[in-house]
Amino acid sequence: MLQLIHVACVCAGHNASRDVVTLVKSVLFHRRNPLHFHFITDTVANRILSSLFQSWMVPSVQVSFYDADELKSEVSWIPNKHYSGIYGLMKLTLTKALPSDLSKVIVLDTDITFATDIAELWGIFRKFTDKQVIGLVENQSDWYLGNLWKNHKPWPALGRGFNTGVILLYLERLRRIGWEQMWRLTAERELMSMLSTSLADQDIFNAFIKQNPVLVHQLPCFWNVQLSDHTRSEQCYTEVSDLKVIHWNSPKKLRVKNKHVEFFRNLYLTFLEYDGNLLRRELFGCPTQASPESLQKALEELDEDDQCYDFRRERLTVHRVHLYFLQYDYTPTEDNTDITLVAQLSMDRLQMLEAICKHWEGPISLALYMSDAEAQQFLRYAQASEVLKNRKNVGYHIVYKEGQFYPVNLVRNVALKNANTPYVFLTDVDFLPMYGLYDYLRKSVVQMDMAHTKKALVVPAFETLRYRLSFPKSKAELLSMLDMGTLYTFRYHVWPKGHAPTNYAKWRTATTPYKVEWEPDFEPYVVVRRECPEYDQRFVGFGWNKVSHIMELDAQEYDLMVLPNAFMIHMPHAPSFDISKFRSSSSYRNCLNTLKDEFHQDLSRKYGSAALKYLTAQRNI
């Protein structure tokens, strides 16, 4: 039976949550043992990482979360100049934060990459003498020698001091010697002359060790090769294959100076872009099911001879989800009328993001269907874009690719569920909203008493076949472009049913909202309350993914109200892979019809007589 290894990490904010995933991938890639990760997190990191691990379903991995807010009072009295802020001091509190029956733990910074099995590091606990309580690697910079510049006065340390990016903590023994009181007394004493810490918890650990050198077990330096400038890291290994752990402990991160930096960078990038789905595979010993029993049962019940097996299998696929991939900041409005634009996209639609942000100043929730490598490309794209960099009210949620279909409704639901406003505008990423639509919709929400009535506000959809369009500034301008043939009503030439019920002829002269009735295949873009039904996830790829949603809104007796002064325009793009599959494969089309029938039956069971009209309509088609 392989021993369970415990790993602790302090993680706060959006960026650290991304970093910790790369660290975890490198650990999982090399490991053979079962692992238990202990994350001390703020609210943001908790939300991101709990959803990620829940959807990742890696076998033989447990995850526990501890609220950093509850620990702040333990360290908030310590002035800290380090960029890590209060979270840089949290490792001092681990004897208190972690379960009292946990005897040993490996503590890691988020900017660590493993190049070996973590069990080797865990095994070093056995080499501790009876008195040793903490394992550390010597600091590889000259910081604690105090000679970096004139009047440089570091905290006291034993020789070169120790780096706290990788720590072996013998919690049981630390509790026994009264660690909590000891580090506090050390910090209080030193702060009388030092006034603040420069390197956060590292200064306090070092001052404590200087007073109690017998308590430290010095780890070989290849367990924490520190890649900040001016370090002796190159003396840690004779061959790069010797090193075990790389620590990117410079604000420069990947741009640091080291003669082997190219090798280190490539190792890091390998895990950054590594397909996390591969880490779900069984790695050792007896199989353990990471997925819930209900999912296992549903998979076993599928009939592999069913011609629609692939569609049904896709519906049961659990996709890894990384919420809030980039910095996100949203303050709710006081009037409860706020609206989030909700959409989904893949790599081939990235170029639409800047334009949408220019047309819609309100909050946006986007789900992006991507591989690990594409997610990193997206990150670089977003960080290089002035428009995207300056927008903090856009939530980007990565749904990682798996399987042969595009799970469009699952991806939409991720965007919908993570909208933080009372109302949502359900759209597609290929559309540009008219200028001022955000403010117009917020006023409409109040005028239509959306808070107390069941309404879906329809935003009429148009399209252009031109890649360069002088975007209309008003309804009058749009109508003139429509008459000139620069614009068309959306899909009128290939799929008129989809939007005909909007009644564009009436819209031309309408000055007040008007009600329209549901008709088969109607798929308008609507504003609804956030608590609307989710999209039906059986529909993957092309076909019926929005139609089914509008049907359910109608079955729930939402009134479909067309807004007289709102519009959106579809921009041209290459056809998606899934529409090509739909057009070329008769079995794809047959399965879609089977799924439609099953959807109708489910709707009838759910809504009774209210759903009968859909069955009748389907038979008449």
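Predicted model: local features only at pLDDT ≥ 70, side-chain atom pairs only at ≥ 80, totals over all residues.
Buried means under 20% relative accessible area. C357 has a relative accessible area of 7%, so C357 is buried.

**View 1. The whole chain.**
The protein chain holds 22 helices and 23 strands. Its C-alpha trace spans about 85 × 55 × 45 Å along the principal axes. How much of the chain is buried? Of its 621 residues, 57% are buried. Take the contacts with a separation of 6 or more: residues 24 or more positions apart account for 79% of them.

**View 2. The disulfide of C308 and C591.**
How many disulfides does the structure hold? It holds one. C308 and C591 form this link, and their sulfur atoms are 2.2 Å apart. The angle about the S-S bond is -105 degrees, and the link is left-handed. What does the pair tie together? C308 sits in the loop between helix 10 (293-301) and helix 11 (309-315), while C591 belongs to helix 21 (residues 586-607), so the link ties together parts 283 residues apart in sequence. Both ends are hidden from the surface. C308 has 1% relative accessibility, so it counts as buried. C591 has 0%, so it counts as buried too.

**View 3. C9, a cysteine in no disulfide.**
C9 takes part in no disulfide. Which cysteine sulfur is nearest to that of C9? It is the sulfur of C11, 6.4 Å away. C9 has a relative accessible area of 3%, so C9 is buried.

**View 4. T41 at the end of its strand.**
T41 lies in strand 2, which covers residues 35-41. Is T41 buried or exposed? Its relative accessible area is 1%, so T41 is buried. Which residues does T41 touch, beyond those up to four places away in sequence? They are C11, N46, L49, F65, Y66, D67 and A68.

**View 5. The buried face of helix 12.**
Helix 12 covers residues 352-359. Its buried residues are M352, L353, I356, C357 and H359. Where do they sit around the helix? Seen down the axis of helix 12, they fall within an arc of 165 degrees, so they line one face. These buried residues pack against both strands and helices. The strands are strand 12 (339-346), strand 13 (364-370), strand 14 (394-400) and strand 16 (431-433). The helices are helix 13 (372-384) and helix 14 (386-389).

**View 6. Helix 16 and the strands around it.**
Helix 16 runs over residues 437-447. Which of its residues are buried? They are L437, Y438, Y440, L441, R442, S444 and V445. The buried residues pack against strand 12, strand 15 (423-426), strand 16, strand 17 (455-459) and strand 21. Just after helix 16 comes D449, with a positive phi of about 50 degrees.

**View 7. L479 and its partners.**
L479 is found in helix 17, residues 475-484. Its relative accessible area is 14%, so L479 is buried. Set aside its neighbours within four places in sequence. L479 is then in contact with W507 and R508. How far apart are L479 and R508? They are 29 residues apart in sequence, and 7.3 Å apart in space, C-alpha to C-alpha.

**View 8. The largest cavity.**
Rolling a probe the size of a water molecule over the atoms shows where empty space is left. How many cavities of 30 Å³ or more does a search of the whole structure find? It finds five. The largest has a volume of about 80 Å³. R412, L426, T427, D428, P524, Y525, V526, Y535, K546, H549 and I550 line the largest cavity. Which elements give two or more residues to this lining? They are strand 21 (525-529) and helix 19 (547-555). What kinds of residue make up the lining? Six are nonpolar, two polar and three charged.

**View 9. S548 in helix 19.**
S548 lies in helix 19. Is S548 buried or exposed? It has 1% relative accessibility, so S548 counts as buried. Leave out residues up to four places away in sequence. S548 then touches N409, D536, F539 and F599.

Notes. Residues numbered from 1 in each chain as written. Heavy atoms only, no water. Disulfide = S-S within 2.5 Å. Helix = DSSP H or I, 4+ residues; strand = E, 2+ residues; numbered from the N terminus. Buried < 20%, exposed > 50% of the residue type's maximum accessible area, 1.4 Å probe, protein only. 1 Å grid on protein atoms, 1.4 Å probe; cavity = no way out; pocket = protein on both sides within 12 Å on 5 of 7 lines; lining within 4 Å. Points joined across faces, edges and corners; volume = space filled by probe spheres on them. Nonpolar A, V, L, I, M, F, W, Y, C, P; charged D, E, K, R; others polar. Arc of directions from axis to C-beta. Contact = heavy atoms within 4.5 Å.
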